[in-house]
Amino acid sequence: MLLLGAKVVVLASVLSSAVGTDAPGADFVRDAASHVNLFVGTTGGGHVFPGANVPHGMVKVGMDTDSPGNHAGYDADPTFNVTGFSQLHDDGTGGSVPLSNFKLFPFASCGQGNDFEECQSTILGRKILRNILPDAGTPDDSAEPGYFATNLSNGVQVELAATRRTALHRYTFPEGTKSPRILVDITNDGQKSSTDPEMELDPKTGRVIGGASFSASFGPGRYRAFTCVDFRGEGYDAGEPTASGAWIGNFPVKNTVTLTQMYSSFQSEMGALLEFRPKLQGRTSILARVGVSFISSEQACANAEKEIPDFAFDKVRAESRAQWSELLGRIQVDTRGVDPEIVDLLYSSVYRTHLSPADYTGENPRWNSTEPYYDSFYCNWDTYRTMFPFMALHDPATFARIVRAMINIQQHEGWIPECRGATVKHFIQGGSNGDPILAEFLVKFQSQAKDLSVSADDLYKALLADAELQPPNWDLQGRQANVWKTIGYIPSDVFERSGTNSKQVSRTLEYAFDDFTISQVAKALGKTSDAKKAIPLIGYAQRAANFLNVWNGNVTFPGNDDIVGFMQPRFVDGKFNLTDPRHCSIHDPAQATCFLNAQRHDGFYESSPIVYSQYVPHDTAKLIELQGGIGPFIERLDFMFEEGYFDSTNEPSQHIPFMYHYANRPGLSTQRSRQVIAEFYNTSTNGLPGNDDSGAMGSYVAFYLAGLYPLPATKQFLLSSPYFPQISFRNPVLNTTTTIRANGFTGNPKDGTGGNVFVKSVKIDGKPWKSSCFIEWDAFTKGSLIELQLTDDINVSCGPGKGALPPSLSTGGYS
């Protein structure tokens with residue numbers, strides 16, 4: 001009762017501070033965490049993690065299955081078997097299956113005689129189906145922020161909770177179970193990649209310690225991880241294990257205590273098996289506390305003892321839930337006239353933006369530092385566009401810790417981390433996309449940086465390292481900087497030892513935007529006349545225009561001569577090569593994927609030339625000019641949507657629905673963005689069109705539902721209408737609550753088409769604002785009331801004044 005009372009007080013405090021200026025009769029969410037559906041996107045390639053964790057926790061404890069899409073362990077399809085409950089996962093990734101280390105598995109009985117030696121300990125031998133809910137035909141799984149539960153077909157109920165570096169499992173066995181047993185799997189990660197395993201078992205206490213080396217998911221490296229597992233009976237004294245031993249393959253061996261007692265070179269699956277005395281009456285519940293570390297087994301034990309000293313499952317669950325409730329409650333919506341699924345979609349999306357990066361502070365095996373250490377940057381190319389700008393709205397303190405960690409990694413490894421998992425480098429997808437993340441923080445929180453322990457000078461030095469220094473391998477860190485600085489694009493025919501000759505056009509476009517973001521930091525820090533810098537502000541702004549160097553205005557779209565001009569690969573001598581604008585789209589005659597392949601010199605990564613030809617977010621005005629003016633520009637955008645070239649599954653398309661703003665047609669942006677939500681996103685297990693990409697898709701959806709779209713490292717947000725009569729963002733660092741109120745809100749059209757959803761005019765703190773197309777960061781620093789007057793007229797404009805259009809670099813914006 002005390003915990004429940006504390007929770008209510010926290011929620012009441014969150015609600016009162018988050019709402020800000022209330023609309024009359026507003027119906028606000030009382031517990032945002034209760035609107036999170038953890039199972040969104042857990043089938044169909046979303047690879048969403050639905051297990052238990054705290055915000056940005058290192059430990060993400062959850063179910064593993066034998067699904068081919070088990071990148072986050074889980075699959076909501078009940079035809080797949082459960083293989084165990086492991087402690088580490090990522091959310092929404094591609095590549096090989098990451099993490100899924102140190103699985104536990106419960107046996108209610110083993111074989112015909114229920115003997116210890118009969119337990120089938122391999123994944124193939126032990127795997128089991130879940131119970132199926134008879135009315136729904138779905139697995140008997142449930143989850144909420146900080147908690148996961150399932151009922152297995154062997155009658156065992158499994159419940160999971162977590163702190164930052166420790167998991168707590170509760171296994172409740174069927175009544176009458178004579179020999180409840182729990183297996184600890186040391187070797188089987190998601191890729192079955194372990195080498196050099198070690199394990200020690202204490203037959204008196206039941207403690208199991210161990211570790212192994214595992215393969216990185218999306219890169220060439222390997223990492224070591226360690227665990228420490230302790231057991232306790234719940235509601236009774238389980239005492240010493242009644243039997244225990246190491247196992248190898250399908251052969252548990254009683255009374256063994258270490259893997260050196262096994263012929264381990266012949267088998268790849270190893271661990272420990274423990275048997276416990278059952279409770280005399282009722283069902284037996286065994287608690288398993290699992291500490292994890294990337295340093296040592298001893299540290300894994302210390303983590304567990306510090307974070308969960310008393311094995312109090314309900315307490316751990318409640319404390320985790322309270323963290324999520326406070327964090328998610330910083331965003332408040334008025335739910336009047338809103339489909340409940342939209343409310344759930346918002347909070348479920350926001351929730352997933354706080355799964356990664358993961359707080360590995362204290363778990364860096366590579367160097368000692370007093371700075372925070374974050375990992376699971378998987379990958380910056382996915383998350384820089386929307387996830388960190390969304391974090392800036394409501395959680396800048398965590399944002400600051402992540403930035404500090406990125407700077408610290410650069411100071412020790414030479415370059416800002418790009419793609420990283422389990423302490424090792426992964427392959428880079430785009431440019432040096434850590435640059436816009438650091439720049440986003442500095443541009444928005446320069447005044448608060450010192451109080452948040454972020455050194456602006458160190459941040460700028462980290463950006464310069466990316467921009468100016470070529471690394472030993474630009475596929476793992478930094479950029480192909482030398483040729484970029486020399487000729488202003490990445491040519492198709494230059495081969496250097498320090499990286500693959502691929503993705504030349506998409507990297508050129510990413511590098512140009514990266515340099516734009518550096519120019520914004522230089523401007524904020526007054527570096528415009530710093531003669532000691534090799535490239536001062538004007539240089540980075542000029543390099544931001546290097547996208548022009550891969551624009552070929554003579555290429556037409558096959559079968560449509562009215563669409564002229566595309567980003568294209570270019571040789572070092574200045575001549576253009578040709579890549580079909582349909583390449584890597586759903587209409588590509590060659591059906592190419594544009595994934596990582598050093599043999600491919602087509603120039604693009606994971607998207608088509610027609611999509612990448614729209615990627616100049618800092619200078620869309622110049623792009624409109626290159627594409628023949630407003631009319632042809634709008635026609636090209638319409639063509640992309642109508643013919644299926646817009647790709648909802650991948651990040652390079654995320655900004656495209658909002659590009660109509662720059663053509664003074666914000667109504668079209670509003671309608672396109674709402675049609676995207678209606679067609680591709682919902683709260684079902686198949687509710688994502690592709691990978692969640694470490695929360696990138698979650699933040700993307702959250703911005704759309706809020707009626708906003710960001711441009712990283714600037715102080716502008718493109719403006720549409722929210723899906724709610726009112727939405728508020730409480731920012732604890734700024735100590736402000738900013739409210740967007742949609743006057744004239746009448747609901748959201750189901751298919752996203754039409755409705756009273758178009759922004760006719762804007763007032764900020766009661767005064768008319770110059771634009772209906774964008775708002776400034778100042779509104780959030782002040783805690784303003786932003787009032788939108790809605791209309792059903794799709795032909796609204798940005799406004800009559802000169803400053804009504806969103807900024808572009810070539811027309812004097814961002815100066």
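**Entry 1**

I started with Arg164 and Asp359, whose side chains meet in a salt bridge at 3.6 Å, N to O. I count a salt bridge when a side-chain nitrogen of Lys or Arg is within 4 Å of a carboxyl oxygen of Asp or Glu. The pair links distant parts of the chain, 195 residues apart: Arg164 is in the loop between E6 and E7, and Asp359 is in strand E17 (residues 358–359). Helices (H or I, at least four residues) and strands (E, at least two) are DSSP runs, numbered from the N terminus.

Arg164 is partly exposed, at 23% relative accessible area. Asp359 is buried, at 9%. Buried is under 20% relative accessible area, exposed is over 50%, and partly exposed lies in between (1.4 Å probe, protein chains only).

A note on the source: this is a predicted model, where local features need pLDDT of at least 70, side-chain atom pairs count only at pLDDT 80 or more, and totals for chains, interfaces and linings use all residues. Residues are numbered from 1 along each chain as its sequence is written, and side-chain values use heavy atoms, with hydrogens and water left out.

I searched the whole structure and found 40 salt bridges. I picked out Arg543 and Asp515, with their closest N and O atoms 2.9 Å apart.

Next I took Arg672 and Asp638, which form a salt bridge at 3.1 Å between the closest N and O atoms. Arg672 is in helix H17 (residues 666–680) and Asp638 in helix H16 (residues 630–642), 34 residues apart. Arg672 is buried, at 15% relative accessible area.

I also checked for shared partners. Salt bridges join Asp435, Glu468, Arg479, Lys485, Asp515 and Arg543 into one network.

**Entry 1: the sheet**

I traced an open sheet of 8 strands, in the order E4-E5-E6-E7-E15-E11-E10-E9, with antiparallel pairing. Two strands pair if DSSP finds at least two bridges between them. Strand E4 (141–144) and strand E9 (195–201) are the edges, each pairing on one side only. From one strand to the next the twist averages 15°. Axes are lines fitted to C-alpha atoms, for helices over the stretch in contact, and angles run from 0 to 180 degrees between N-to-C directions.

Ala161 stands opposite Leu168 in E7.

Helix H3 (residues 297–307) packs on the sheet, with E7, E9 and E15 among the strands touched, and its direction makes about 125° with that of E15. Helix H4 (residues 313–328) also packs on the sheet, touching strands including E4 and E6, at about 55° to E6. Contact here means heavy atoms within 4.5 Å.

**Entry 2: Thr166**

I ended on Thr166, which lies in strand E7. Thr166 is buried, at 0% relative accessibility. What does its side chain reach at 3.4 Å? I found the backbone oxygen of Asn303. A polar contact of 3.3 Å joins the side chains of Thr166 and Glu307. A polar contact is a pair of N or O atoms within 3.5 Å; within protein, one must be able to donate a hydrogen and the other to accept it, and residues adjacent in sequence count only if both atoms are side-chain atoms. Beyond four places in sequence, Thr166 is in contact with residues including Val59, Arg289 and Ile308.
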